[in-house]
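Dear colleague,

I am handing over the structure we spoke about, with the sequence alongside. Please have it open while you read the notes that follow.

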Amino acid sequence: MGAAAELTRPRPGPMVPASFTVTGKRQETADTWTLELEPRDGARLEFAPGQFTMLSAFGAGEVPISISGDPGGGPLVHTVRAVGLATAAICAAKPGEALGVRGPFGRPWPLEELEGADVLVVAGGIGLAPLRPAILALLAGQERYGRLRLLYGGRAPDQLLYTAELEEWSARGMEVAVTVDSAGPEWLGHVGVVPRLVHRARFDPDSAGALLCGPEVMMRFTVSALAQAGLTSERVRASMERNMQCGTAHCGHCQLGPTLVCRDGPVYAWSELERWLAVREL
Amino acid sequence: MSESASHTLERQDFDELFGALARRGYTVVGPTVRDQAIVYEEIASSAELPIGWTDEQEAGHYRLRRREDAALFGYNVGPHSWKRYQLPPEVRLWRARRDADGGLTELEPEPRTAPRYAFLGARSCELHAMGILDRVLLGGAHTDPADRARREDVLVIAVQCAQAGNTCFCSSMGTGPTAESGFDIALTEVLEQDRHYFVLEVGSERGGELLGELRHAPAGQHERAAASAAHDRAAAQMGRELDVTDIRDLLYRNLENPRWEEVAERCLSCGNCTMVCPTCFCTSVEDVTDLAGEHVERHQRWDSCFTVDYSHIHGGSVRASTRSRYRQWMTHKLATWIDQFGSSGCVGCGRCIAWCPVGIDITEEARAIRDSEAVGDARP
Amino acid sequence: MSADSNQTPAKQTSAKQTLAVWKFSSCDGCQLSLLDCEDELLALADRLRIAYFLEATSAVAEGPYDISIVEGSITTPHDAERIREVRRQSRTLITIGACATAGGIQALRNFGDVAEFTSIVYASPDFISTLSTSTPISAHVPVDFELNGCPINKVQLLEVIGAHLAGRRPRVRGHSVCVECKRRGTVCVMVAHGTPCLGPVTHAGCGAICPAYDRGCYGCFGPMESPNTAALSARMAELGSEEIDLVRVYRTFNAGSAAFREASEAHEHEPAGGAPA
């Protein structure tokens, strides 16, 4: 069949990855690593906080990973949890080795819309990774925002990301509250789920905005807690996960109701989603 | 159509079209009979067309039948669509060699050898399907140059339907039966007692140039009337209908309708409907390595929302049940597509009805959901 | 959490791996598919060492093995013991073929009386030590990957081995044969010819060979990921299949798989007067 056998393509196009070198690597938790990457062709990958790339290790497959670096400069940073073969291969890359990068893709956190308002950043587990660029941008321009607050929850103290940086963010003017589901006696912080922190946080419910990322169930409960505090779902933004394979809105896999997560997300206003998330298996 | 754009081409001169296309370097893809069906393949002369054949189509049923005449285009759409050429079933996106440090050196793509295609015999619903696929593949922020290249040089010679099949419902979808645009030349086949000819409309400059190489004559009033009667005949024969009034919100209101459960009892989740659909564009993107681990290729293949893997995320499939997969497919086609790409994803070609092994009928499913609301309204 | 979990995940590609091939109740056809890969496997000499493969060589290296490939089903008490030992010796265990994944054609015994068969077939049935069922390997020990088919497809076998070495997921999908038919442009034999076909309920992997030669699918690759056999059987009945046909069509190489067994039993009616004692 002539058509099926046609295997050629003009280059380069959005489907061909660029080679990046691993220049730094830090273990965050038992199964999660943060990788710093520099492009081999020298061109920095410009991105907006909340966007993602399609990241691949040679021949082990490709996965969508949110960008965790500083939008203001520096290397491309990805925090990756090894949950499958592709992510395990990415986490196994050593400094000096190469990874493939496509992107950036997707709709970012709408930080400019939050100017003048209190900003509540709410993260669960690995969900802090897509929020890190937003936090860095908020801190860099904090004179333009009201109170900045981070509510962060993990399953246990050793499951928390960026622990050294949490203190730094706090020192720079962000109120940081951390909670874990369970902990030993050495843990002196909060124990309990993230939504419970919402009730303690002070913010102006009429103008504040919230940025959420974490397991869907955690986000649902957080949205209810925010609603009880007077913050409506139009002003809650959430980063979603679906099966993204192309990043270019062509493969169809990441559909979520009338949207494509790679194009219309991953960041949504919760009000855009709640109708669809209420339907099981949509 | 303006009168000046109407011409006639006699049946005995029809093969001049193949000659003219060959001289211009086109490979003609058109309808031909293979394995007891009319499929789209490369053809070189009118002798390879399904002369004197027609098709009988019903839900889950397709049969070729002999016609009493020698019509070249006396049938409706078959199992293939032009999607095979716009978005081939399997494409290698790139291939690369592994470097010592795990990096990739992309191997130079071979020179592009895909033929320059002329699509002969595309129907109105199919022209709309091509337009819909173009919007999906070429209308967004990211476009793959390979997708663009596949469409660039295509010449389209449309055929106006002179009859409609039992599974056709293009009238409902506003996509036919008569093509108004999206072609270089459109033909209407006319069979009279002692004359067999085609009425041609030119849709582009390229089409006009091509016409100049054919032995043609201006269409007279009688010939134009005959073509018009053929178009009317197709419109009158439309086998099925789908009421699209408010269809998007109708489906959005009915995501938990018990009808999804009922259709899932019959649905095989085999994916045939998505494969034959001329607009279903879903593909998987997967890596292939050689055994030695020295080379890697990334392939894009037709995929289907009816598979378990389709909606896989860490922790399992979003749509584990057949109920949710059928609902995904039908609501995508008729409703969410409108939000995603600005039009319906359905062109009313009826392929999903005919080629469903168990004959599930999208028009019947949409009607059942609409009727369930009418029943609901009647309740106190 | 294991003690070594703080280490960087091991790259599967780094070391030379040992491969063992084991045979249980089977026709050897799937092992022949592996032998048929000799050119490809030779290219792997520096990454894979064949440590145990009696069909190919009598040289045997001691376990444990990185990859064990198992052909055949469990039909004797001895086999049931031996597979546990194979599992103990194997880091990754891959079963290949309908026998190993579903019990094979010999699982037809599951529907009958084995004592009666042996008394008819063998002069001295006392010497026969056999189980009353033929069962897949996964009924006895945990299996890391099942490759369906009777026989398996050589390209898929290479894909499974290659993916294992590369540390990626094998490109082996559980959807229907119909998807393969449509990709290759084959006309549906069921819709266009009225030929009964198991394609819609059968696991892809063969490349949709039979429909390309005008035959219905025989289900050699066993049930697909979400088989709706009831709906397909109902359609085949409309196309003229009798009840007995609907029993037989599922009772071939994958008769022992849960989906095909239930599909065949759904159309099996006891003769009037009840089942024989």
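Starting with burial, 54% of the 282 residues of chain A count as buried. Please keep in mind throughout that this is a predicted model, and that every value below was computed from it.

The secondary structure of chain A consists of eight helices and 15 strands. Its radius of gyration is 19 Å, close to the 19 Å that the globule rule gives for 282 residues, so chain A is as compact as a globular protein of that length. Taken along the principal axes, the C-alpha atoms of chain A fill a box of roughly 65 × 40 × 35 Å. If one takes the contacts in chain A between residues at least 6 apart in sequence, 70% of them join residues at least 24 apart.

Chain A is divided into two parts, with domain 1 covering 18-105 and domain 2 covering 111-239, and the C-alpha centres of these two domains of chain A lie 24 Å apart. Where they meet, 15 residues of domain 1 of chain A are in contact with 14 residues of domain 2 of chain A. On the domain 1 side of this contact, β1 (18-29) and β5 (76-81) of chain A each supply at least two residues, and the residues of that side divide into four nonpolar, eight polar and three charged.

Turning to the contacts between chains, the one between chain A and chain B takes 46 residues from chain A and 57 residues from chain B. On the chain A side, the elements that give two or more residues are α1 (2-5), β4 (61-66) and β6 (98-105) of chain A, and the largest share, three residues, comes from α1(A). The residues of chain A that make up this side divide into 20 nonpolar, 17 polar and nine charged.

Chain B also meets chain C, in a contact that takes 36 residues from chain C and 42 residues from chain B. Here the side of chain C that touches chain B draws at least two residues from each of α6 (154-166), α7 (177-184), α8 (189-193) and α10 (229-238) of chain C, with α6(C) giving the most, five residues. By residue type, this side of chain C divides into 17 nonpolar, nine polar and ten charged.

With best wishes

Note on methods:
Residues numbered from 1 in each chain as written. Chains lettered and ligands numbered in written order. Predicted model: local features only at pLDDT ≥ 70, side-chain atom pairs only at ≥ 80, totals over all residues. Helix = DSSP H or I, 4+ residues; strand = E, 2+ residues; numbered from the N terminus. Rg over C-alpha atoms; globule rule 2.2 N^0.38 Å. Buried ≥ 20, exposed ≤ 12 C-beta atoms within 10 Å, placed from the backbone. Contact = placed C-beta atoms within 7 Å. Nonpolar A, V, L, I, M, F, W, Y, C, P; charged D, E, K, R; others polar. Domains from an automatic or database assignment.
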